[in-house]
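Here is a short briefing on a structure. Read it with the coordinates open. It goes topic by topic.

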Amino acid sequence: MLGYILKRVLATIPVMVFVALFVFSLLYIAPGDPAAVIAGDQASPEDVEKIRKSLGLDRPFIARFAEWSGQILRGDLGRSIFTGLPVAELIAQRIEPTVSLMIVTLLLSVIVAIPIGVVAAWMSGTWLDRSFMGLAVLGFSIPVFVVGYLLAYVFALQLDWLPVQGYTPISKGFWPWLENLILPAIALGFVYIALIARITRATMLEVLSQDYVRTARAKGLAEGGVLFLHALKNAAVPIITVIGIGVALLIGGAVVTESVFAIPGLGRLTIDAIVRRDYPLIQGIVLMFSFVYVLVNLAVDLIYTLVDPRIRY
Amino acid sequence: MSITRRTVLKGAGAVGAIAATGRLAAPAVAQGASVLKFVPQANLANFDPIWGTQYVVRNASQLVWDTLYGVDDKLQPQRQMVEGEEVSSDGLTWTFKLRPGLKFHDGEPVLAKDVVASLTRWSARDPMGLMIKAIQKDLVAVDDKTVKWVLSRPYPKMLLALGKAGTPVAFIMPERIAKTDPFKQIEEYVGSGPMKFARSEWKPGAIAVFEKFKDYVPRSEAPMWLSGGKVVNFDRIEWIIMPDPATASAALQNGEIDWWETPLSDLVPVLKKNRNIKLDIADPLGNVGSFRLNHLYPPFNDVKIRRAVQMALSQEDYMRAVVGDDTNLWKPCPSFFTPGTPLYTEVGGEPLKGKRDIEAAKKLLSEAGYAGQPVTCLVAQDQPITKAQGEITADLLKKIGMTVDFVATDWGTVGQRRASKNEPGKGGWGMFHTWHAGSDCVSPVGNIGIRTGGEKAWFGWPDNPAIEEEIAKWYDAKTLDEEKAIIANVNKMGMEHVTYLPTGFFLTYQAWRSNVSGIVGGPTPSFFGAKKA
C-alpha cells in the first residue's frame, strides 16, 4: 500500500509539469495586457510600454518560462503583478474560506443526498421516488447564483436569520463561522446533492436486486439494516467516485458562490487574477488546484480499499 | 465513537436552539471602536497611487497620504500640507513652506527632502508633472521645512498641478519610499494622512483596512473635496470588496455595510424604497462617455466619415442605455468638457445637438467614398458602461450603412488591443468605447482624449497641430476669461476635427445607511467629517 501511495505521489510530478507548461503557454498566447490594466485608462502608450518592460513582460516565452520554472523548483510561486505580494501569501489568505465552504457543502450534500438516494431506490416508482428525482432535476437545472440570490432574499433580507454575505474565520467562533456558510453551502450543494442522490439511487437499485439482499431480508433483518448496512456499503464505490469527481464541480461552483456571497476565497481570487491578467497568480492557483485534485483522486482510490476489501493495490 | 440517531438529533436540536435565539452578531474587531464599512467602486488590487492610476487607488490613497494642495468644490487649489508659498516676480521660482506638526505614520516628521523625492517620482508619471519637469532647473530642499522649485519658464498652473484630483495625484511619501522607480510598485505604505494602512489585514480582492492616525493634525477649515480639515470620526474604515452589485445592495439593506460607493442604476429604485437608506449623487463632476476613433486607418482617417457618424449619433440613446431612464443621472454633452464647471463650453458642439440626421449621414458617407470597409468595434462586455455603449454604436453604424465588425471581448483585451497601431484587420481596431471621469475633463490637464499630438496622442492617435497649439496656450493663460476663450476654441476645433465623440454626461448615485451623516458628493468618496450614529 505504501509503495502504491509513493508511486501515485511520484506520478503527480509529470502531471504537474504538464499542467504548468500548459497553463503558462495558454496565458502567453491569451490576449490581454496586465501593463495596460495597471497603467489605467489615462496612461499614455509609452507609460504602458515602460510598465510592461519593468514587469518583464516584453521578454520572450522561453526566458519567462525558464525563470518561472526555476522559481517553482525552489518552492517560490512568485509575486502577483498587481499587488506585489507573494502568490503563496495571497493563496494562503484565501484558502480557509474556500476549504470551509467546500467541507460544509460536502458534508451537507452527503448527509442529505445519500438518504434521499437510498430512500428513492427503496421506494422506487412511488410518488416519493418521483418527487426526489424531480428535485434532483431541479438541482441540476437551476444555476447556483439563482439559488444563492433566492436564499439570500428569503433567509437574510426577509427573515433576517442569516447574513447576506461575508466570511468569519473559525478562530472567531464556530457559530459565526458556520452562520456565514449556511446559505452559500446550500446554494453550492444543490447541484451536488442532485448528483449524489441520483447516483446513489441508481447504484442502490442494482444492489437491492442482488440475492444477498433478499437473503438478508429473508433472515428477518430490519429494513434499515438491509438498506444502510448491507446494500449501501456495497453501493459505496461508485458513490465515492462521484463524490471525488464532484470536488472539481465544487471548485468551479465556488467561483460563482463566493462572488454571490462575497466570500473572500480562492474562487474570487481566480476571477480577479484572470480579469487582470495577473499571470503569476493564475499560474499559482491553477497549479494548486491541480495538485489538490490529484490528491483527492488518490484519496478516493485509497478509500475504495476501506469499503471494498476485494480492492488491493 | 459511534454516531447514533439520538446523538444526531441532539446535535440538530442544539443548532436549532442557536438559530432560535436569533442571529449572533459577528465579533467586533475592537470593542467600542467606531467602524465604517464601505464598499468601494472596485478592488484595491494595488496600493501605489503613482504606479497604478486607477481611481480606486487614488481614493484609498487620500486616506493614507497627504498632499501639498487639494482642490475645493470650485476646483481651486487650497493649501493642505503647506503653510504658505511664494512665487518670484518673474514666475520662475516657487518656494513652499510646510506647516508644522506634520508627521508620518512611523513617527518621523515630514521633511522637505520627502517632498522633493515625492514630487520627483510624481512628475515622472503625471502629464502636468512631465510639463514641469521639462522646464525644471532645480528642485531642492532649502531646509527641513522649505522646498524650492526653479523653472526655466513660468508655469502658472503650478498649484493646480499639485492639488488636482485627476490621477496621479501628487501624494507626499517618505523619501525612502518615494525613491522607488516610478514604473515599479512601492512595497511600504507609510504616509502622513489621517489614516494608517493596516497592511497585515489587506487581502486584495476582499478587504482593505484603514486605522485612525492619532497624531494627524487636520487643518482648521471645513473639509471640501480634497481640501480643508481631514477630520476622521472613525477608528477604523473597512473597505469591503463586493464584486456583485446585488450582494452589495442586499448587504446595505441588511445593515451589514454602511456605505456603497457605486450602486448599479438598476438597483437604485429598490434602495430608494428603503427608509433606512439614503441616496445622493456621488460625484457631481460625473463622467463623459467616449466613442474613440482610430485616426490612422480607413474609414475613420477621413474627417468626412467621422463627421457622418457625429451627425447621426444620439447622445440620448447612449445615456439611456448606460444609466436608464432616470433623467437626474444624465444630460447631453456637446462638449469635451465637464458640464457645470467653469471652463465648460458648447461652442462648436452643434453637430451633436438637435434632431439626428441618418439620411444626411448616409449622404456624407457616400460623398466620402465609403466603400464598406468594416469598422472593428472593440466592445468590453465585462464593463456595463462600455457594453451598453457598444450595442448602441453597432446599431448606429449599421443604420447609416457602415459594415460593423463587432468584437465582443473583455476590458483587459481592449486595453491591450487599443494600443496596437496595426490595421484593423491585422490586430488593430476601428473604434472602442470608454468613459472619462468628469474630474479629468474640467480642463485640458487630465483630458487626454482631446489631445491631437499624432503618434504621441492617446489611443486613436488624432493628429492636429493647431489644436495642440491652442491647448498649449491654456497652460500660459493668466485669467479665467482668457482660459474660457481658449477652451471654447479647443472645443470648436476638436468638434470639427472629430477628435473623438462624446456620448453624453452621466452621473452615478452613492448610497448609505441613514445612521451615517456628513457624506457629501465629490470627485472622491468623502470620509472627512462623516459620522456614524
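**Salt bridges inside the chains**

Asp129(A) and Arg201(A) form a salt bridge, with their closest N and O atoms 2.7 Å apart. The pair ties distant parts of the chain together: Asp129(A) sits in helix α6 (residues 127-141) of chain A and Arg201(A) in helix α8 of chain A, 72 residues apart. Asp129(A) is buried, at a relative accessible area of 3%. The model is predicted.

- Over all chains, the count comes to 39 salt bridges.
- Side chains of opposite charge can pair when their charged atoms come close.
- In chain B, Glu211(B) forms a salt bridge with Arg236(B); the closest N and O atoms are 3.7 Å apart.
- This pair also links distant parts of the chain: Glu211(B) belongs to strand β11 (residues 207-212) of chain B, Arg236(B) to strand β12 (residues 236-240) of chain B, and 25 residues separate them.
- Glu211(B) is partly exposed, with a relative accessible area of 28%, while Arg236(B) counts as buried because its relative accessibility is 6%.
- Both residues belong to a network of salt bridges that links Lys37(B), Glu201(B), Glu211(B), Arg236(B) and Glu238(B).
- Lys272(B) forms a salt bridge with Asp326(B), the closest N and O atoms being 3.8 Å apart.
- Here the linked parts are helix α8 (residues 268-273) of chain B, which holds Lys272(B), and the loop between α10 (315-323) and β16 (330-331) of chain B, which holds Asp326(B); the two residues are 54 residues apart.
- Lys272(B) counts as partly exposed, at 47% relative accessibility.
- Asp326(B) is partly exposed too, with a relative accessible area of 21%.

**Where chain A meets chain B**

- The interface brings 51 residues of chain A into contact with 54 residues of chain B.
- The size of an interface is often given as the accessible area lost when the parts come together.
- About 4400 Å² is buried between chain A and chain B, and carbon and sulfur atoms give 51% of this area.
- Asp41(A), Gln42(A) and Trp175(A) supply 16% of the area that chain A buries against chain B, more than any other three residues.
- There are three salt bridges between chain A and chain B.
- Arg277(A) forms a salt bridge with Asp410(B), with the closest N and O atoms 2.9 Å apart.
- Across the interface of chain A and chain B, 17 residue pairs are in polar contact.
- The chain A elements that give two or more residues to the side touching chain B include α2 (34-39), α3 (45-54), α5 (87-122) and α7 (144-158).
- α8 (174-208), α11 (236-260) and α12 (266-276) of chain A are also among them.
- α3(A) gives the most to the side of chain A that touches chain B, with six residues.

**Helix α4 of chain A**

- How far apart are the end C-alpha atoms of helix α4 (residues 61-73) of chain A?
- They are 18 Å apart, which agrees with the 18 Å that its 13 residues should span at 1.5 Å a residue.
- Arg64(A), Phe65(A), Trp68(A) and Gln71(A) of α4(A) are buried.
- Seen down the axis of α4(A), the buried residues fall within an arc of 125°, so they line one face of the helix.
- An α-helix has 3.6 residues a turn, so residues three or four places apart point the same way.
- Ile62(A) and Leu73(A) are exposed on the other side of α4(A).
- The cover over the buried residues of α4(A) includes α1 (2-29) and α13 (279-307) of chain A.
- After α4(A) comes Gly75(A), with a positive phi near 80°.

**Two loop residues of chain B**

- Gln80(B) lies in the loop between β4 (77-79) and β5 (82-87) of chain B.
- Is Gln80(B) buried or exposed?
- Gln80(B) counts as buried because its relative accessibility is 0%, and the cut-off for buried is under 20%.
- Leaving out residues up to four places away in sequence, Gln80(B) touches residues including Asp66(B), Tyr69(B), Arg99(B), Tyr216(B), Arg219(B) and Lys230(B).
- Arg153(B) lies in the loop between β8 (146-151) and α5 (158-163) of chain B.
- Arg153(B) is partly exposed, with a relative accessible area of 41%.
- Leaving out residues up to four places away in sequence, Arg153(B) touches Leu92(B), Ile135(B) and Asp476(B).
- The side chains of Arg153(B) and Asp476(B) are joined by a polar contact of 3.3 Å.
- The C-alpha atoms of Arg153(B) and Ala134(B) are 10.0 Å apart, with the two residues 19 residues apart along the chain.

Technical notes: Residues numbered from 1 in each chain as written. Chains lettered and ligands numbered in written order. Predicted model: local features only at pLDDT ≥ 70, side-chain atom pairs only at ≥ 80, totals over all residues. Heavy atoms only, no water. Helix = DSSP H or I, 4+ residues; strand = E, 2+ residues; numbered from the N terminus. Expected span 1.5 Å × (residues − 1). Buried < 20%, exposed > 50% of the residue type's maximum accessible area, 1.4 Å probe, protein only. Arc of directions from axis to C-beta. Contact = heavy atoms within 4.5 Å. Buried area = accessible area lost by both parts, 1.4 Å probe. Salt bridge = Lys/Arg side-chain N within 4 Å of Asp/Glu carboxyl O. Polar contact = N/O pair within 3.5 Å; in protein donor to acceptor, adjacent residues only side chain to side chain.
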